[in-house]
2 protein chains.
Amino acid sequence: MPRYKAVIAYDGTNFNGFQIQPDKRTVQGEFENTLRRINNGKTITIFGSGRTDAGVHAEGQVIHFDFDQTRDLEKMRYALDTQTPKDIAVKSVEIVPEDFHARYHVVEKTYCFRVDIGKPRSPFKRFYATHFMYPVDVNKIRRALPDLLGTHDFTSFCASGTAIEDKVRTIYEAKLEVNEAEKELIFTFRGDGFLYKMIRILVGTLLKMGSGRIDETTIPQILAAKDRNFAGPTANPEGLYLMEVKYE
Amino acid sequence: MPRYKAVIAYDGTNFNGFQIQPDKRTVQGEFENTLRRINNGKTITIFGSGRTDAGVHAEGQVIHFDFDQTRDLEKMRYALDTQTPKDIAVKSVEIVPEDFHARYHVVEKTYCFRVDIGKPRSPFKRFYATHFMYPVDVNKIRRALPDLLGTHDFTSFCASGTAIEDKVRTIYEAKLEVNEAEKELIFTFRGDGFLYKMIRILVGTLLKMGSGRIDETTIPQILAAKDRNFAGPTANPEGLYLMEVKYE
């Protein structure tokens, strides 16, 4: 049976996250409802590159599924794009080898995090960026970012209660851009993988460094502590975007 | 009693327009609820520069109201901004002469209209831009825009059934910008005033010119006809933004 890989975008505002849950509206649930309709009522399970939490968005989530029909790929993409709800878009569809796995074969993920620093906060960004009300010294954050690069045990930046034991991850890129016109900070993190709530804890910590409430030179100590209590708060989900997932 | 002028922004998605209506959520209704709370339960009526329809947004709507209390202006702005719902922001508050009127003294208004030309449509823009699915020749639209400048009878671009008799308006600026990265067209119209649904009919007509279904040289004939049937369709409300209102 052919295996399909699809790149999808979604506005996470009205979803209870990616992963299917009974009686809750989820990205996986809605996508599988659409697949069931075009598969004569038979269920097709999709596999995502990873979960995203409630309120978290995606510009480039990757999924795979098996579908016993070889349609023209653009027709397939169009059918899925137009038949899924309007808060899901299907950007591309391709056929991949049968051993491709959207979750297990990930080699790199990129996330962005948008922060609204406008006064007052923009009513248009309330679901699409986190508002930060304190003055931010961008240079302090930029001083801290390089300390995150490379391979580290990120236990201090992982929500407690996670089942995953190996908390070593490699970050290839960590940058902060400032959009003056939009009154926005945009963080970008690229790495081989990220732990549960890791980006949100990184951003919560970096914003406290930018506002002077955590010393911006202390990333090495926070990492060395391997204790969630040493890092800053968890930023809200609505600023977070899964931008891109790469495979071997 | 001091008269206040305020500049407000709102996300029109969840409002039944600006103007107060019984049992419907409106910008005016929500704003007056907030004023009533800070005025010991007594009603204060607000006057806007004009109505906006359901789904239409504002970055710079102007209102005035009389309030028998002289607070520090920034405290007043902050109180109104934080106590109004999150889809309304209060950008500035000032005290104006008692004869200032937000509607009658307008000398210039600027509107923008955002069109999502991405394939697929962006799930993030479904409430913030109108999606247009056909190829657009931007040069055809830019050929048509200068024909709108100046003083004309805009009856052809006004929704029928309007009570206003004088349909002569002056347009000072009509431009189209292309945001390639965002896959967006952004129209800007600046004039002494606009008729009911005028911008949306202008955009609906211009998009048909851009896609080759209405000749782009025919604005003068459409204007001369003074008949709504000669113009194109009315574009959806969700791309429209009231950007700025100017006074004498």
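**Reading the contacts and the pocket**

Student: Asp87(B) and Arg126(A) form a salt bridge, with their closest N and O atoms 3.9 Å apart. Why is this pair called a salt bridge?

Tutor: The term asks for a side-chain nitrogen of Lys or Arg within 4 Å of a carboxyl oxygen of Asp or Glu. Here the N and O atoms are 3.9 Å apart, so the pair qualifies. Bear in mind that this is a predicted model: local features need pLDDT of at least 70, side-chain atom pairs count only at pLDDT 80 or more, and totals for chains, interfaces and linings use all residues. Residues are numbered from 1 along each chain as its sequence is written, chains are lettered from A and ligands numbered from 1 in the order in which they are written, and side-chain values use heavy atoms, with hydrogens and water left out.

Student: How many such bridges does the rule find across the interface, and how many over all chains?

Tutor: Across the interface of chain A and chain B there are 4, and the search of the whole structure gives 35. Another example is Lys125(A) with Glu182(A), whose closest N and O atoms are 3.3 Å apart. That pair links distant parts of the chain, 57 residues apart: Lys125(A) is in the loop between strand 5 and strand 6 (130-131) of chain A, Glu182(A) in the loop between strand 8 (168-179) and strand 9. Strands (E, at least two residues) and helices (H or I, at least four) are DSSP runs, numbered from the N terminus.

Student: What makes chains A and B partners in contact?

Tutor: Contact means heavy atoms within 4.5 Å, and 24 residues of chain A meet that test with 24 residues of chain B. The buried area (accessible area, 1.4 Å probe, lost on putting the two together and summed over both) is about 1800 Å², with 66% from carbon and sulfur atoms. In chain A, Pro120(A), Phe124(A) and Arg126(A) lose the most area to chain B, together 37% of what that side buries.

Student: How do you know that the largest space is a pocket, and what lines it?

Tutor: On a 1 Å grid over the protein atoms alone, a pocket is an open set of points where a 1.4 Å probe fits, with protein on both sides within 12 Å along at least five of seven lines; lining residues have an atom within 4 Å of a point. The largest pocket holds about 1700 Å³, a volume being the space filled by probe spheres set on the points, which are joined across faces, edges and corners. Its lining has 48 residues, with Arg114(A), Glu182(A), Glu184(A), Arg114(B) and Glu182(B) nearest the centre.
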